[in-house]
Amino acid sequence: MSSEDTLIHSDDPRHPANLICTLCKQFFYNNWCTGTGGGISIKDPETSHYYLAPSGVQKEQMRPEDLFVMDAQTLDYLRAPKLYKPSACTPLFVACYQKKDAGAIIHTHSQNAVVCSLIFGDEFRIANIEQIKAIPSGKVDPVTMKPIALSFFDTLRIPIIENMAHEDELIDDLHKTFIDYPNTCAVIVRRHGIFVWGPAIDKAKIFNEAIDYLMELAIKMHKLGIPPDCGIGEEKKHLAGP
Ligand SMILES: CSC[C@@H](O)[C@@H](O)C(=O)COP(=O)(O)O
Ligand SMILES: [Zn+2]
């Protein structure tokens, strides 16, 4: 096996090259990564190499040998399949690795994200819902040094940025959200989808699923006339009815 191939061939189902393929298949069936849209990038916790999908391929049909591998220091490709170009999301994924210390980034074209971006302005907000507790607050417990999750009584806030003609043109607004929302683990892109990151792929997956659930719920609440960020008990005032 060539040295390039050892980067992507492993019997371990949790190897980044295998995980990207497995999860993209799952995400396809969730309607999150269809028609070549969306994708996942994972940083190998052992080597720190970035694993990236090729651009414009059916993400659910990818095989480990289709993947790009990037050196985290030089940003040179250690492996670049000749048939493909790297994902158009690569500069955004790299920004999340470098500025947010991400261990993995998930990009979906979730319709819940798209509809929320049409309903809400520059920020998606939802409060007092149990599932919020799956999302990190961005704060760390000073004793255990473990991340603190949002509480049931908190408001989740996710910035919404405008879409552009090309993925790499989102970079300036993404950087701006890193400053304006230092605690966020996600950015919604209007009429496009969402980027969600975490310290490792398992966490990023949990955050993405929880946020998608909350966006779907917010759409249902909005349809009932209930602002998703309204206080506990306030919903009765907003409910349409006789
Ligand atoms: C359906 S095209 C979607 C792309 O422009 C982009 O938004 C995307 O999510 C995937 O880009 P890709 O370069 O295929 O990884
Ligand atoms: Zn996209």
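1. The shell around ligand 1 takes residues from both domain 1 (1-87) and domain 2 (89-229), so ligand 1 lies between the two domains. Please keep in mind as you look around that this is a predicted model.

2. Which residues are closest to ligand 1? Of the 13 residues that surround ligand 1, the closest are Ser55, Gly56, Ser87, Ala88 and Glu167.

3. A polar atom in the side chain of Ser55 is 2.5 Å from an oxygen atom of the ligand. For Ser87, an N or O atom of the side chain is 2.7 Å from an oxygen atom of ligand 1. Gly38 takes part through its backbone, with a polar atom there 2.8 Å from a ligand oxygen. As for cover, ligand 1 has 410 Å² of accessible area on its own, and the protein covers 74% of that.

4. Now for the protein interior. In soluble globular proteins, nonpolar side chains tend to be buried together. Here the largest nonpolar core has 50 residues, and Phe124, Ile126, Leu156 and Ile211 are those with the most contacts inside it. Helix α6 (residues 201-223) supplies the largest share of this core, with eight residues.

5. Is Ser41 buried or exposed? Ser41 has a relative accessible area of 0%, and buried means under 20%, so Ser41 is buried. What does its side chain reach? The side chain of Ser41 is 2.8 Å from the backbone oxygen of Tyr51, and a polar contact of 2.7 Å joins it to the side chain of Tyr97.

6. Ser137 is another serine to look at, and you will find it in strand β7 (residues 136-140). With a relative accessibility of 10%, Ser137 counts as buried.

7. Ser48, in the loop between β1 and β2 (50-52), is not a glycine, yet it has a positive phi of about 70 degrees. Ser48 has a relative accessible area of 26%, which makes it partly exposed.

8. The other loop residue is Asn128, which lies in the loop between β6 (123-127) and β7. Asn128 has a positive phi of about 55 degrees, although it is not a glycine. Is Asn128 buried or exposed? Asn128 counts as buried, because its relative accessibility is 15% and the cut-off for buried is under 20%.

Note on methods:
Residues numbered from 1 in each chain as written. Chains lettered and ligands numbered in written order. Predicted model: local features only at pLDDT ≥ 70, side-chain atom pairs only at ≥ 80, totals over all residues. Heavy atoms only, no water. Near = heavy atom within 4 Å. Polar contact = N/O pair within 3.5 Å; in protein donor to acceptor, adjacent residues only side chain to side chain. Areas by Shrake-Rupley, 256 points an atom, 1.4 Å probe, with all protein chains shown as cover. Domains from an automatic or database assignment. Core = buried A, V, L, I, M, F, W, Y, C linked by side-chain atoms within 4.5 Å. Buried < 20%, exposed > 50% of the residue type's maximum accessible area, 1.4 Å probe, protein only. Helix = DSSP H or I, 4+ residues; strand = E, 2+ residues; numbered from the N terminus.
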